[in-house]
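The stops below go from the whole chain to single side chains.

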Amino acid sequence: MKTRIIKRKRFKWEILVIVFLIIYFAYSFIGVMFGTEYTKSNGNTCKGFPYGLQVCSGDINAD
């Protein structure tokens with residue numbers, strides 16, 4: 001009887017990173033398009049989810 005060697009498939013990190021980026025940009029896009037506007041403590045008005053990309057208007061040099 002012959003012994004079989006089981007080869008382990010390598011995990012492809014590139015695919016995981018690409019999937020993560022697609023999910024992040026989809027989350028950000030939904031936040032900018034359908035999220036509510038809120039005012040930051042420095043007076044800027046922003047639209048988008050807190051952990052995604054945001055579109056803000058106001059003084060960019062404000063603290």
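**A tour of the chain**

Start with Phe25: at 48% relative accessibility, this residue counts as partly exposed, a class between buried (under 20% relative accessible area) and exposed (over 50%), with a 1.4 Å probe and protein chains only.

This is a predicted model, in which local features need pLDDT of at least 70 and side-chain atom pairs count only at pLDDT 80 or more, while totals for chains, interfaces and linings use all residues. Residues are numbered from 1 along each chain as its sequence is written, and side-chain values use heavy atoms, with hydrogens and water left out.

Tyr24 is partly exposed, at 26% relative accessibility. Tyr24 and Phe25 form an edge-to-face aromatic pair, with 5.7 Å centre to centre and 65° between the planes. Rings of Phe, Tyr and Trp (its six-membered ring) pair if their centres lie within 6.5 Å; planes under 30 degrees apart count as stacked, over 60 as edge-to-face and the rest as tilted.

How many aromatic pairs does a search of the whole structure find? The search finds 2. For the other, select Tyr27 and Phe49: their ring centres are 5.0 Å apart and their planes are at 35°, so this pair is tilted. Tyr27 lies in helix 1 (residues 13–34) and Phe49 in the loop between strand 2 (45–47) and strand 3 (55–57), 22 residues apart, so the pair links distant parts of the chain. Tyr27 has 33% relative accessibility and is partly exposed; Phe49, at 29%, is partly exposed too.

Now colour by secondary structure. The chain has 1 helix and 3 strands, in the order α-β-β-β along the sequence. Helices (H or I, at least four residues) and strands (E, at least two) are DSSP runs, numbered from the N terminus.

Switch to colouring by pLDDT, the predictor's confidence in each residue, from 0 to 100. The chain has a mean of 86, and 95% of its residues reach 70 or more. Confidence is highest in helix 1, at 94, and lowest in strand 3, at a mean of 89.

Finally, zoom out to the whole chain. Its C-alpha atoms fill a box of roughly 75 × 25 × 15 Å along the principal axes. The radius of gyration, taken over C-alpha atoms, is 22 Å, whereas a compact globule of 63 residues would have one near 11 Å (the rule is 2.2 Å times the number of residues to the power 0.38). Of the 63 residues, 11% count as buried.
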